[in-house]
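Good morning, colleagues. Please keep the structure open as I speak.

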Amino acid sequence: MLGSLFRGRKGKKSGSDSLVDSIQDARVGDVFTVTGFRLEYEDGYFIIEKMNRYQGFSGVSYELLGVDGDNRLWVHWADESGPFVTLMEESRPMGLTGLGVTEQELIKMDEEHSIDNYIDYDGIRFHYTNSGEAFYFEDNSGEGDGFYLWEFADKYRVLSVDKWEGLPFQVYISDVVSPDGFAVYKR
């Protein structure tokens, strides 16, 4: 259904359904498409159901949830020095055991804050980039809930470990994508 609404659009149009330049302009209710991520999503039209904000050691960043049928994608972006965008399929997080890292090793990396630290996972070396307290603002509002975050990256992926009070460590891996791969349709 959405495909027939948006297929064939080129450039910006006026009216209720207009194309905008950037995923950074997206809001709940808008629709986006993505190219250059995975072939199975090339024909998807994702309705934005949720948008959250994060604030922490890396500045301010945002995430949104796009849904197209059974496909659910989380888009995360920051704009400190030009847009940096990652995409992640919605899935259950991994624990530290699956990652092959202990809590003590993460604490040591946090204390050292050294870019010489890394985690090897699934044949990929993820280098430590930063760690510290961050705040989550659900629906981009409210007081914000604090948690602790470790970030690691290689050229194509970002590995994040978060620790919320009273919950186990959670590990997520997302893919770095070009901001130019998105088309957002305002509703």
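Let me begin with Lys108, which is partly exposed, with a relative accessible area of 48%. Please bear in mind throughout that this is a predicted model. Lys108 forms a salt bridge with Glu112, and the closest N and O atoms are 3.8 Å apart. Glu112 counts as partly exposed too, since its relative accessibility is 39%.

Which residues of α3 are buried? In α3, which spans residues 103–112, they are Leu106, Met109 and Asp110. These residues cover an arc of only 100 degrees around the axis, and therefore they lie on the same side of α3. On the other side of the helix, Gln104 and Glu111 are exposed. The cover over the buried residues of α3 includes α2 (96–99), β7 (118–121), β8 (124–137), β9 (145–153) and β10 (157–163). Just after the helix, His113 adopts a positive phi of about 45 degrees.

I turn now to the other salt bridges. The structure holds nine of them. One of these joins the side chains of Asp30 and Lys186, at 2.9 Å from N to O. Asp30 sits in the loop between β1 (18–20) and β2 (31–34), while Lys186 belongs to strand β12 (residues 182–186), so this pair ties together parts that are 156 residues apart in sequence. Is Asp30 buried or exposed? Asp30 counts as buried, because its relative accessibility is 3%.

Another salt bridge brings together the side chains of Asp175 and Arg157, with 3.6 Å between N and O. This pair links distant parts of the chain, as Asp175 is in strand β11 (residues 170–177) and Arg157 is in strand β10, 18 residues apart. Asp175 counts as buried at 15% relative accessibility, whereas Arg157 is partly exposed, with a relative accessible area of 29%. The two belong to a network of salt bridges that links Arg38, Glu89, Arg157 and Asp175.

How many bridges join β10 to β11? There are six, and the two strands run antiparallel. Within that pairing, Val161 has Val171 in β11 as its bridge partner. β10 and β11 form a hairpin with six residues between them, and Gly166 in the turn has a positive phi of about 80 degrees. β11 also pairs with strand β6 (residues 84–89), in the antiparallel sense and over three bridges. There, Val85 stands opposite Val177 in β11.

Ser160 is also placed in strand β10. This serine counts as buried, because its relative accessibility is 17%. Setting aside residues up to four places away in sequence, Ser160 touches Leu149, Trp150, Glu151, Gln170, Val171 and Tyr172.

Next, the nonpolar interior. In soluble globular proteins, nonpolar side chains tend to be buried together. Here the largest nonpolar core has 18 residues, of which Ile23, Phe32, Val34, Leu64, Val75, Leu87 and Phe182 touch the most other members. The elements that give two or more residues to this core are β2, β3 (46–56), β5 (71–78), β6 and β12. What does Val75 touch, not counting residues up to four places away in sequence? Its contacts are Ile23, Phe32, Tyr62, Glu63, Leu64, Val85, Thr86, Leu87 and Phe182. A second, separate core of 15 residues includes Val101, Leu106, Leu159 and Val171.

Let me finish with the chain as a whole. Its secondary structure comes to three helices and twelve strands. Of the 187 residues in the protein chain, 43% are buried. Among contacts between residues at least 6 apart in sequence, 46% join residues at least 24 apart. The accessible surface of the chain comes to about 10,500 Å², and carbon and sulfur atoms account for 47% of that area.

Thank you for your attention.

How values were computed:
Residues are numbered from 1 along each chain as its sequence is written. This is a predicted model: local features need pLDDT of at least 70, side-chain atom pairs count only at pLDDT 80 or more; totals for chains, interfaces and linings use all residues. Side-chain values use heavy atoms; hydrogens and water are left out. Buried means under 20% relative accessible area, exposed over 50%, partly exposed in between (1.4 Å probe, protein chains only). Helices (H or I, at least four residues) and strands (E, at least two) are DSSP runs, numbered from the N terminus. The arc is that of the directions from the helix axis to the C-beta atoms. Contact means heavy atoms within 4.5 Å. A salt bridge is a side-chain nitrogen of Lys or Arg within 4 Å of a carboxyl oxygen of Asp or Glu. Accessible areas come from the Shrake-Rupley method with a 1.4 Å probe; for residues, only the protein chains shown count as cover. Two strands pair if DSSP finds at least two bridges between them. A nonpolar core is a set of buried Ala, Val, Leu, Ile, Met, Phe, Trp, Tyr and Cys residues joined through side-chain atoms within 4.5 Å.
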